[in-house]
Amino acid sequence: MRSIIYYVREFLRPEWLKTFFFARTAPLETPSYFKGYPARTEKECTRCLSCMMICPAPGAIAVLRKKDQWGPEIYPGHCIRCGLCVEACPEGVLSSGRILDVTRRDGTAFWSWYHLQVDDSLCMRCGNCCVSCPVNREIDPQLGATGTSSSDEVIMRIEGGRVTILHEEKCTGCKTCEINCPNRAIRVARMVEGVQGEEAEA
Amino acid sequence: MIVKDAVCPFCGCLCDDIEVEVDGDRVVAVTNACELGTKKFMGEKRLKNPILRDGDAWKDITYDEAARYAAGMLLSAERPLLYGWSGTHGEAQCVGVHMAELVRGVIDNTSSVCHGPSILAIQEVGHPGCTLGVVKNRADLVIYWGSNPIDAHPRHLSRYTRYAEGFFLDNAFRDRKVIVVDVRKTETANIADEFVQIKPGGDYAVLSALRAIVRGKTETIPRTVAGVTREQLVRVANLCKGAKFGAVYFGLGLTMTRGKYKNIRNAIELVSELSRHTKFTISAMRGHYNVYGSNEVNTWMTGYPFGIDFSRGIAFYNPGETTAVDILARKECDAALIVGSDPAAHFPRKCLEHLAEIPVVQLDPYPNATTAFCNVQIPVAVTGIDAVGTAYRMDGVPIRTRQVLSSGYPSDREVLLKMYTLMQEGKGQ
């Protein structure tokens with residue numbers, strides 16, 4: 001009972017009532033660093049799909065064709081406004097907040113490659129991945145013809161009792177190896193790294 | 001030291017493009033081989049010397065003592081069984097046949113429990129087969145029936161069928177179709193273009209249905225045949241008829257299920273039926289690297305491929321009577337020589353009960369399940385690793401295996417010759 005009276009007295013103090021009801025706050029306005037949903041610029045989309053590949057939110061972006069013109073479409077209900085698509089687009093097709101200005105000022109970009117990983121405990125070394133890989137077949141026709149590796153320039157080959165990845169950088173991410181692996185032992189992952197300066201221009 | 005173009009002595013693919021890195025008397029790395037081949041090349045824990053059972057323990061003996069024991073055992077036996085032979089080279093198999101003839105024994109190889117039925121069917125209706133090279137260079141449709149090459153012949157697809165470039169195909173990899181027929185979704189089925197799942201034991205019915213469809217009698221087919229829908233059967237039949245060159249490879253899923261050799265006969269007849277529309281071949285997925293060679297050697301020496309009984313003084317062949325499982329199950333044989341196989345891991349219990357009661361000598365580099373049943377085990381060199389010898393690939397192509405290291409172990413042929421000489425002396429020849 002005493003505590004109730006205490007609370008009523010406390011909240012009926014004119015000082016408290018004044019600060020509570022007549023508080024002076026800064027007017028609500030959009031800060032300069034605010035990122036809205038990505039919006040189209042006038043730049044032309046080349047359908048490289050970098051935006052779709054980097055998007056972390058499922059179903060947030062799709063590159064669609066409208067009258068012979070490809071372009072990204074943002075789905076606001078799914079988009080989390082992280083701005084990665086804006087940053088990843090090499091053409092600057094999308095813009096959001098000051099992301100484009102900052103990347104231009106700092107000279108930053110995303111650099112991506114494909115990472116191949118083989119689970120040795122699942123792999124039978126049947127050689128399907130090495131032989132089916134279109135890049136391997138071009139580099140080493142003998143590998144494509146008989147499964148016999150004769151070149152060290154291939155992306156991967158059966159060496160020393162396991163699938164050895166020799167030239168990951170040559171992978172184009174087509175995933176032929178992944179599709180033709182009977183044991184799901186090989187996985188292709190697209191890796192992305194932020195780079196700055198000369199690396200970004202390259 | 002790196003040995004190039006070594007031959008892998010594991011499965012019937014007999015890959016001859018293996019690179020083996022050897023350090024002294026040890027294999028340190030294997031390139032190009034599959035998991036199975038790599039493990040065979042890198043194998044460790046071999047027996048050091050021949051061992052003789054001495055009560056509950058093993059006693060080390062010399063090769064001469066072991067050969068004398070084996071020769072004595074075979075000479076004193078009434079009905080000796082000489083079994084195995086698939087995991088050794090052709091030259092040793094020759095000696096084996098001579099031995100069997102000398103002691104009037106029964107010589108049988110592992111095909112009596114694997115592709116024996118295939119041979120019976122071939123004896124009935126012939127073998128429209130071809131070498132793997134033909135399939136590689138021409139086939140645009142490959143059917144794996146009751147076999148799972150990814151587990152048993154891992155490089156079969158990448159080296160000979162699905163993925164290899166073909167000389168007469170512009171885009172072999174894109175153009176080739178693979179159909180897998182099995183009772184369960186195997187690893188090979190994961191990469192097949194069409195997977196036909198049949199109920200266990202339904203192979204004969206499905207083959208008959210396909211034959212009927214190819215003959216143009218689709219309306220006689222019920223809605224499902226052994227769990228396969230009529231639509232799928234028609235699709236498969238059309239794929240086969242539409243192919244320029246088709247190849248069927250079948251495994252123990254077809255030979256050792258209900259129907260046995262009748263299944264193979266039906267499959268061969270489906271293939272000849274399809275050959276009226278296009279070119280089709282059929283071949284067996286032979287397991288051991290030289291099981292085909294064992295059939296070849298037996299055939300050219302005795303006239304019969306397996307299960308040969310010399311008790312009459314001449315070669316007599318009657319599968320079901322003169323094959324290892326039957327002879328053991330009837331408790332007929334009173335001594336057994338096992339070479340390059342592991343019956344204890346594969347034979348029915350009844351046979352093993354008898355095997356445990358008779359004297360058994362085994363030639364094998366490694367302790368295995370049969371070791372528990374033998375009186376003497378003689379470690380030998382492994383053909384293709386520390387011994388040379390001829391082996392036959394699954395398509396009947398003989399390939400001379402290479403020696404990649406020297407270990408000091410005698411080869412199968414040397415040990416068997418020693419026994420054979422002793423046996424000849426014992427017989428007074």
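Start by selecting Val20(B) and Val30(B): Val20(B) stands opposite Val30(B) in strand S3(B). The model is predicted; local features need pLDDT of at least 70, side-chain atom pairs count only at pLDDT 80 or more, and totals for chains, interfaces and linings use all residues. Residues are numbered from 1 along each chain as its sequence is written, and chains are lettered from A and ligands numbered from 1 in the order in which they are written.

**The sheet in chain B**

Strands are DSSP runs of E, at least two residues, and helices are runs of H or I, at least four residues, numbered from the N terminus; two strands pair if DSSP finds at least two bridges between them. Three strands of chain B form an open antiparallel sheet in the order S1-S2-S3. Strand S1 (2-6) and strand S3 (26-31) of chain B are at the edges with a single partner strand each, so one side of each has no neighbour in the sheet.

**Domains of chain B**

Next, colour domain 1 (46-113 + 289-426) and domain 2 (116-284) of chain B; such bounds come from an automatic or database domain assignment. Their C-alpha centres lie 34 Å apart. Nine residues from domain 1 of chain B and seven from domain 2 of chain B take part in the contact, where contact means C-beta atoms, placed from the backbone, within 7 Å.

**Cores**

Select Ala70(B), Met99(B), Leu210(B) and Ala267(B), the residues with the most contacts inside the largest nonpolar core, which has 157 residues. A nonpolar core is a set of buried Ala, Val, Leu, Ile, Met, Phe, Trp, Tyr and Cys residues joined through C-beta atoms within 7 Å; buried means that 20 or more other C-beta atoms lie within 10 Å of a residue's own. Another core, of 13 residues, lies apart and includes Cys45(A), Ile61(A), Cys85(A) and Leu94(A).

**Chain A**

Now show domain 1 (39-106) and domain 2 (112-201) of chain A. Their centres, taken over C-alpha atoms, are separated by 30 Å. Select helix H5 (residues 99-106) of chain A: of its eight residues, the count of buried ones is zero. Gly107(A) follows H5(A) and has a positive phi, near 65 degrees.

**Between the chains**

Finally, select the 20 residues of chain A that are in contact with 23 residues of chain B. Helix H6 (128-132), helix H8 (141-146) and strand S6 (156-159) of chain A each supply at least two residues of the chain A side.

Technical notes:
Buried ≥ 20, exposed ≤ 12 C-beta atoms within 10 Å, placed from the backbone. Contact = placed C-beta atoms within 7 Å.
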